Protein chains: 2
Amino acid sequence: MALFGRRKKKDEAPVEEPPAPTLPPAPPVDAAGLRSMEDHRAYLLEQVEQLPAFGQLLLDALDLSICEDIESDVDLPGFDNAAMDGYAVHAEDTAGAAEDSPTTLAVVGEIAAGDWSEEPLPPGTAVKIMTGAPVPPGADAVVPYEQTDRGSEDVVITAAVRPGQHIRRRGEDVSEGDLMMRTGERIGPRHIGLLAAIGVDKVMVRPRPRVVVLATGSELAEPGLPLRNPAQLYDSNSYLLAAAARAEGAQVFRVGSVGDDAEAIRQTISDQLVRADLIITTGGVSQGDYDLVKSVMPELGLTDFCQVAMQPGKPQGFGLIGEDRVPMIMLPGNPVSAYVSFEAFVRPVIRKLMGLEPLFRPPVRAIATHLIRSTPGRKQFARGLVTTDPGGRRSVTAVGGHGSHLVSNMARSNALIVLDPDVDVVPAGSPVEVWLLDEPS
Amino acid sequence: MALFGRRKKKDEAPVEEPPAPTLPPAPPVDAAGLRSMEDHRAYLLEQVEQLPAFGQLLLDALDLSICEDIESDVDLPGFDNAAMDGYAVHAEDTAGAAEDSPTTLAVVGEIAAGDWSEEPLPPGTAVKIMTGAPVPPGADAVVPYEQTDRGSEDVVITAAVRPGQHIRRRGEDVSEGDLMMRTGERIGPRHIGLLAAIGVDKVMVRPRPRVVVLATGSELAEPGLPLRNPAQLYDSNSYLLAAAARAEGAQVFRVGSVGDDAEAIRQTISDQLVRADLIITTGGVSQGDYDLVKSVMPELGLTDFCQVAMQPGKPQGFGLIGEDRVPMIMLPGNPVSAYVSFEAFVRPVIRKLMGLEPLFRPPVRAIATHLIRSTPGRKQFARGLVTTDPGGRRSVTAVGGHGSHLVSNMARSNALIVLDPDVDVVPAGSPVEVWLLDEPS
């Protein structure tokens, strides 16, 4: 026993390291080691939260998702008012009036829209009234100009009116307490009109997500600049995905492209974290020796790289990056693969961030105009051109080949033809599922 | 005869005043003095020019109309390249290779995406190659990793490849000279991807029109502020129309509301001319004593006030205002009338300014779920809710009453039910024309 042996103090319990954070357990894979498209999509969505709501001026809330139920605290109209320009009267004073037996009433004044008076209208008199102006107490009908001589001192009335005629009743459009909008609805122009009408100038909404887009690959050149050598190609992915994300309502920062250089990738991603609600990259997630995104990103956060049972779009990556665990979706580098992956995974994530429902494009059916072949075991996304006849019946024709580098076919398409993994052929004339790419939802 | 009578000099010809500018002859009216909706729309469109084209950065051209035919000046792909990671070979060197009789080739190097060399591949050798990297001269196929031992010095190949296999041929997507986009097409995300891919970074487009929106009426109060008296109501029109114009792609300046005061209206409109490609007002165009827009605007430009055979939306005004003849559309003041008029007249004008086709919403058919009545002699626009079954068959139900002040019904609708002037009743189960309000086109 050591003479001066140091004893551990009882209250100095060993410091327990907090468990290293990890992603949730990954979804199962099939016999070929592939994850289903639906499982991967659900896995991403479960790890992404809706952005926090904030107050926005009404007009700037267009197209955003409202985060509060809005009840009206006013009636619309707010008061009984004239539906036409004319004369407010006691209806009974016009009884029997007709072209050949007109009634004459004394005109006691004039009420314009915006005028307010509590003065009751004496029986046997009329008051000139403009459309939208408040009907005075006692008056219960409006005689339109067309059924009068438009008199100023007295007015000659040539038709009888019923009680309530040509009057818009207080509250007949909206009653105080009526629900105007419900949490989760997307605010369109007509909602903005309604909210303004009940006096609302600000609403709680989820903001437009800040989406950073960059492409990776040493072969990429910036459009508008000359190629540095004949093996280069122009970066189209970052443009394509930036535009697609913007079309979904995101606020997009296109960073452009970064070469196959671990330090450059690390640095660029780290720099972008501060302004990103979501980072999208393309390239570098496959099996190749230069697939650096896949090798670098695990240093910067929690990552998941997998193969998805879909074509195109098999190699996929996801991460929660940096201290703030910013979601990052790492897509394959072929333009068509990147775009199909955007539709399958990124668009639903953007919609979840924005609080928009439905998260997915509603699958619709179209009749195949020709035989379509698929690769069994993979969910197939072919580019298609959908036409709709006046009755709403849709037909679809595949556009060009399966090659995931064929960007001109993609530009000519307006839909994805979606074939489940168990389908190998669709005969001409059969219905197929399509995603309509340019429809709002 | 006067002694000193002054004689006109022969060379002093009388100065001829240039003819006062006028609007083109107005369209005809029917027996009731009403102009048809279609005639009025055509009359407005004939007086509005497309905005001049300007060069815009590619990503900012999203949703705009392109004003040039774009031909590719490159091939896509720009060079023969590997469709998979593997080894570029002379296909004939793999003849007979199989799992049980592999072929071994010497590996002479490695080609990454973006590398360029004119060095031909010697027969009997292989070069490691990454997806997208240029296939060297002489090589005519790629053996994917999966059919090799991934060797570095030598590679063992276990399957034969055909000439051309796993190679993407130069120009197979796009050939130099191919037409990529045609004047007048609207630029969507996939077009942006295609244009970037061929190296385009700027395009000629028509800009977003600057649209000034204001409402008139002394009864109007600004949402968010208290009403000054119980006869006031909140200005919803300027919000509704600003949002609707923005949803169509315009750059919108909502001026808010101005009271029924001739000088204020004159001054506000004059002030806005400098930043407007189009001015939209609501209110003040009917027959009432306070309809000041109608009385003031002729002082500021060329104007046309008329009654259109439609319901709602009968009173309409148009003008070319100020020295620059800025188009101005003066809509009625009831919110539903204003919105229907926006759809009928303003939206087509905005689309013409932007160079977008088609100018009008494509009329589609829906089956009426119940009997719908109309007012003969007027084109009827009822608010409707269209539902679509998975096969694309549409049904429509009218939402609420005809009152042009009913903004809550309008907010719940997604379509206008459009009934021609000669229709007085549509039986349940019959097809009717609808305009789908939230569809892009």
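Residues are numbered from 1 along each chain as its sequence is written, and chains are lettered from A, and ligands numbered from 1, in the order in which they are written. In this predicted model, local features need pLDDT of at least 70 and side-chain atom pairs count only at pLDDT 80 or more, whereas totals for chains, interfaces and linings use all residues; side-chain values use heavy atoms, with hydrogens and water left out.

The size of an interface is often given as the accessible area lost when the parts come together. Between chain B and chain A, about 6400 Å² is buried, 61% of it on carbon and sulfur atoms; buried area here is the accessible area (1.4 Å probe) that two parts lose on being put together, summed over both. Each side is represented in the contact (heavy atoms within 4.5 Å) by 79 residues from chain B and 79 residues from chain A. On the side of chain B that touches chain A, two or more residues each come from helix H2 (189-197), helix H3 (237-247) and helix H7 (407-412) of chain B, where helices (H or I, at least four residues) and strands (E, at least two) are DSSP runs numbered from the N terminus. H2(B) gives the largest share, 8 residues.

Salt bridges were assigned where a side-chain nitrogen of Lys or Arg lies within 4 Å of a carboxyl oxygen of Asp or Glu. A:Asp438 pairs with B:Arg190 in a salt bridge, with the closest N and O atoms 3.0 Å apart. Within chain A, a salt bridge joins A:Arg169 and A:Asp80 at 2.6 Å between the closest N and O atoms. A:Arg169 lies in the loop between strand E9 (167-168) and strand E10 (179-181), and A:Asp80 in the loop between strand E2 (70-71) and strand E3 (81-82), 89 residues apart.

A network of salt bridges links A:Glu248, A:Glu343, A:Arg347 and A:Arg361. The N to O distance is 3.0 Å for A:Arg347 and A:Glu248. Because A:Arg347 lies in helix H6 (residues 335-354) and A:Glu248 in the loop between helix H3 (237-247) and strand E15 (251-258) of chain A, this pair ties together parts 99 residues apart in sequence. For A:Glu248 and A:Arg361 the distance is 3.5 Å, N to O. Both A:Arg347 and A:Glu248 are buried, as is A:Arg361; buried means under 20% relative accessible area, exposed over 50%, and partly exposed in between (1.4 Å probe, protein chains only).

B:Phe79, in the loop between strand E2 (70-71) and strand E3 (81-82) of chain B, is buried at a relative accessible area of 5%. Leaving aside neighbours within four places in sequence, the contacts of B:Phe79 include A:Pro230, A:Ala231 and A:Gln232, as well as B:Trp116 and B:Arg168. A:Gln272, in helix H4 (residues 262-272) of chain A, is also buried, at 10%.
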